[in-house]
Amino acid sequence: MELKLIRHLWGVYDPWEKVFPQFKELGYSGVEIALFEPERGPALRKQLSEVGLDLVIMAFTGGSNADEHLRSLEEQVEQHLRLAPLFINAHSGSDGWNQDQAKRFYEGALKIESRAGVPIAHETHRGRVFFNPWVTRDII
């Protein structure tokens, strides 16, 4: 097993060409980014490759039900795969769902992950299914 230190970019406002070499020097293996401007993806991939950093890219599912959240996840995964991520970190689902809705979503998410060939992590986060450890336990 290899430990990889991944640096998030929340609160980092300096240009990538400045911070990526700094992160590499500090011993990070990669960066995690929420790429809200997909057109910047090719430049991001190029700069990461030049410095030798891995990419963890974030997905944020949305919609009014589990099916819409699944569609949004699938669309984002397809888009993110073009950037060759190490894995995808998803803020997924809704804390307002019942257990059946949540299970249906994660069963679909596992199928998307299998087709993608890249791991998808589902972050514990407020407003999302895994916001609560007891709900998470029951879903798992």
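1. Let's start at the sheet: Ile-6 stands opposite Gly-30 in strand 2. Strand 1 and strand 2 pair in the parallel sense over 3 bridges, where pairing asks for at least two DSSP bridges between two strands. From strand 1 the chain crosses through helix 1 to strand 2, and this β-α-β crossover is right-handed. Right-handed here describes a path from the first strand over the helix to the second that runs clockwise, with the strands pointing away from the viewer. Helices (H or I, at least four residues) and strands (E, at least two) are DSSP runs, numbered from the N terminus.

2. A word on the basis of this note. This is a predicted model, in which local features need pLDDT of at least 70 and side-chain atom pairs count only at pLDDT 80 or more, while totals for chains, interfaces and linings use all residues. Residues are numbered from 1 along each chain as its sequence is written, and side-chain values use heavy atoms, with hydrogens and water left out.

3. Strand 2 is covered on both faces: Gly-30 and Glu-32 are buried on one side, Val-31 and Ile-33 on the other. Buried means under 20% relative accessible area, exposed over 50%, and partly exposed in between (1.4 Å probe, protein chains only).

4. Next, have a look at helix 1 (residues 16-25), whose buried residues are Trp-16, Val-19, Phe-20 and Phe-23. Seen down the helix axis, these residues fall within an arc of 105°, so they line one face of helix 1; the arc is taken from the directions from the axis to the C-beta atoms. Glu-17 and Glu-25 are exposed on the other side. The buried residues pack against strand 1 (6-8), strand 2 (30-33) and helix 2 (41-51), with contact meaning heavy atoms within 4.5 Å. Just after the helix, Gly-27 takes a positive phi of about 100°.

5. For the aromatics, there are 6 pairs in the structure. The ring centres of Trp-16 and Phe-20 are 5.9 Å apart and their planes stand at 10°, so this pair is stacked. The rule covers rings of Phe, Tyr and Trp (its six-membered ring) with centres within 6.5 Å; planes under 30 degrees apart are stacked, over 60 edge-to-face, and the rest tilted. Trp-16 and Phe-20 are 4 residues apart in helix 1, about one helical turn. Arg-40 lies over the face of Trp-16, at 4.0 Å from the ring centre (the criterion is NZ of Lys or CZ of Arg within 6 Å of the centre and within 35 degrees of the ring normal). Elsewhere, ring pairs link Trp-97, Phe-105, Tyr-106 and Phe-130 into a cluster.

6. Strand 3 (residues 54-60) has 5 of its 7 residues buried, so it is largely enclosed by the rest of the structure. Strand 2 pairs with strand 3 in the parallel sense over 4 bridges, with Gly-30 bridged to Asp-54 and Ile-33 opposite Ile-57. Strand 2, helix 2 and strand 3 make a right-handed β-α-β unit.

7. Strand 3 also pairs with strand 4 (residues 87-91), in the parallel sense over 5 bridges. The chain gets from strand 3 to strand 4 through helix 3 (residues 66-81), in a right-handed β-α-β crossover. Ala-59 stands opposite Ala-90 in strand 4.

8. Finally, please check Asn-89, which lies in strand 4. Asn-89 is buried, with a relative accessible area of 8%. Leaving aside residues up to four places away in sequence, Asn-89 touches Glu-32, Val-56, Ile-57, Met-58, Ala-59, Ala-121 and Glu-123.
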